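This briefing is meant to be read alongside the sequence and the coordinates.

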Amino acid sequence: MNLPTFQQNPNMKKLAILFTFILTAGFAQAQKAEVKMLNTFMDDWHKAAAEANSEGFYGKMAEEGIYIGTDATERWLRDELKAWAQKAFERDVAWDFKPIERNWHFLGNDIAIGDEKLETWMGICRATIVLKKLDGQWLIHHYHLAVTVPNEQIADFKKLLYPEN
């Protein structure tokens, strides 16, 4: 059986291009909606910390979720972070980080990797985010917060941290 090729039938080529365009546009729209939802999810997470809402904050983290803070000793599983930060969540504000910029990259339909720039009491910080969707719900599996230091100030920064060197 001889099936027509794209060269033999120009309408098939147009139909294939149209079909590809529709699929691509649909995927882009779905991803745009997912990005908006993830931004709201992260904004709500930061807001929960700003309002010392422990449930709202830790409820968005997977039980095995990891939080890495700015100090070299700060690496916690969710419940370890909860114990360490308990006093902060007893105040009116645990901490207040305001997102300035955020980017997302998807690995399939159930993993999102993000980075964000934040305004904090420490100055501008950056964070890396790994979210995983379980049973239709996104949860934070890894969050790594870092203080930023301009490259031209690294030498002075090192002197401040390690005066003996």
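The points below are grouped by topic and concern a predicted model. A search of the whole structure finds eight salt bridges, and three of them are described here together with the exposure of their partners.

**Salt bridges between strands**
- Glu-101 forms a salt bridge with Lys-117, with 3.9 Å between the closest N and O atoms; because Glu-101 belongs to strand β3 (residues 98-107) and Lys-117 to strand β4, the pair ties together parts 16 residues apart in sequence.
- Both partners are partly exposed, Glu-101 with a relative accessible area of 34% and Lys-117 with 23%.
- Glu-116 forms a salt bridge with Arg-102, the closest N and O atoms being 2.8 Å apart, and this pair, with Glu-116 in strand β4 and Arg-102 in strand β3, ties together parts 14 residues apart in sequence.
- Glu-116 is buried at 0% relative accessible area, and Arg-102 also counts as buried at 16%.
- Asp-43, Arg-102 and Glu-116 are linked in a network of salt bridges.
- Arg-126 forms a salt bridge with Asp-115, at 3.9 Å between the closest N and O atoms, so that strand β5 (residues 123-134), which holds Arg-126, is tied to strand β4, which holds Asp-115.

**Gly-114**
- Gly-114 lies in strand β4 (residues 111-120) and, at 3% relative accessibility, counts as buried.
- Beyond its neighbours within four places in sequence, Gly-114 is in contact with Asn-103, Trp-104, Ala-127, Thr-128 and Ile-129.

**Largest pocket**
- The largest pocket has a volume of about 260 Å³ and is lined by 15 residues, of which Glu-74, Trp-84, Trp-95, Phe-97 and Trp-121 lie nearest its centre.
- Its lining comprises eleven nonpolar, two polar and two charged residues.

Key
Residues are numbered from 1 along each chain as its sequence is written. This is a predicted model: local features need pLDDT of at least 70, side-chain atom pairs count only at pLDDT 80 or more; totals for chains, interfaces and linings use all residues. Side-chain values use heavy atoms; hydrogens and water are left out. On a 1 Å grid over the protein atoms alone, a cavity is a set of points where a 1.4 Å probe fits but cannot get out, and a pocket is an open set with protein on both sides within 12 Å along at least five of seven lines; lining residues have an atom within 4 Å of a point. Grid points are joined across faces, edges and corners, and a volume is the space filled by probe spheres set on the points. Ala, Val, Leu, Ile, Met, Phe, Trp, Tyr, Cys and Pro count as nonpolar, Asp, Glu, Lys and Arg as charged, and the others, Gly among them, as polar. Helices (H or I, at least four residues) and strands (E, at least two) are DSSP runs, numbered from the N terminus. Buried means under 20% relative accessible area, exposed over 50%, partly exposed in between (1.4 Å probe, protein chains only). Contact means heavy atoms within 4.5 Å. A salt bridge is a side-chain nitrogen of Lys or Arg within 4 Å of a carboxyl oxygen of Asp or Glu.
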